[in-house]
Amino acid sequence: MAKGPLVLLANHRPAPSCQPIFAVRNAALVADQLKERGCALEGLVETPNGTAYGFSDPSKNTFAILENNRPLENSYKDESSPAAIR
C-alpha cells in the first residue's frame with residue numbers, strides 16, 4: 001500500500017500494552033549490539049517466521065526484534081511443517 005515500515009496489529013496482548021517488533025537482517029548480531037547499549041534481553045519466542053528476541057530498554061520500554069528467516073509463505077509449502085498445505 002505504501003513505502004515505509006509495515007505495522008501488524010494483533011489482539012493477543014492486553015490493552016493498553018504495545019510491543020513493536022522490528023525486522024532485522026541478523027537477529028543475533030543486533031541482539032548483541034542492543035545488550036552492549038544497555039537493553040535487557042527479556043526472552044525468546046518462536047514464531048512461524050523465526051525467533052523473536054524480546055527486550056526492554058533502559059527506560060523499561062519493551063520491543064522485539066525478528067529475523068524473518070522462515071517466511072510464512074514458505075512454511076505452507078514445507079511438507080515437514082504441521083501448517084503445510086497437503
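Me: What share of the protein's contacts with a separation of 6 or more comes from residues 24 or more positions apart?
Reply: That share is 32%. Keep in mind that this is a predicted model. A pair gets counted as a contact when heavy atoms sit within 4.5 Å.

Me: What makes up the secondary structure here?
Reply: There are 2 helices and 4 strands. Starting from the N terminus, the elements go β-α-β-β-β-α.

Me: How do you know which strands are at the edges of the sheet?
Reply: Look at the pairing. The 4 strands form an open sheet ordered β1-β4-β3-β2, with mixed pairing. β1 (21-23) and β2 (40-47) each pair on one side only, and that makes them the edge strands. From one strand to the next, the twist averages 25°.

Me: Why do β2 and β3 count as paired?
Reply: Pairing takes at least two bridges between two strands. β2 and β3 run antiparallel and are joined by 7 bridges, so they pass that cut-off.

Me: Why is β3 described as largely enclosed by the rest of the structure?
Reply: Because 7 of its 7 residues are buried. To be buried, a residue has to be under 20% relative accessible area. Across the protein, buried residues are 24% of the 86.

Me: Where does α1 lie relative to the strands?
Reply: α1 lies across β2, β3 and β4, and it runs at about 10° to β3.

Me: What makes a group of residues here a nonpolar core?
Reply: The members have to be buried residues of the listed nonpolar types, joined through side-chain atoms within 4.5 Å. The largest such set has 9 residues: Val24, Ala27, Ala31, Leu34, Cys39, Tyr53, Phe55, Phe63 and Ile65. In soluble globular proteins, nonpolar side chains tend to be buried together.

Me: Which residues does isoleucine 65 touch, leaving out those up to four places away in sequence?
Reply: Isoleucine 65 touches Phe22, Val24, Ala27, Val30, Ala31, Leu34, Thr51, Ala52, Tyr53 and Phe55.

Me: Why is the link between lysine 35 and aspartate 32 called a salt bridge?
Reply: The cut-off is 4 Å between a side-chain nitrogen of Lys or Arg and a carboxyl oxygen of Asp or Glu. Here the closest N and O atoms are 3.8 Å apart, so the pair qualifies. A search of the whole structure finds 1 salt bridge. The two residues are 3 apart in helix α1, which means about one helical turn separates them.

Conventions. Residues are numbered from 1 along each chain as its sequence is written. This is a predicted model: local features need pLDDT of at least 70, side-chain atom pairs count only at pLDDT 80 or more; totals for chains, interfaces and linings use all residues. Side-chain values use heavy atoms; hydrogens and water are left out. Buried means under 20% relative accessible area, exposed over 50%, partly exposed in between (1.4 Å probe, protein chains only). Axes are lines fitted to C-alpha atoms, for helices over the stretch in contact, and angles run from 0 to 180 degrees between N-to-C directions.
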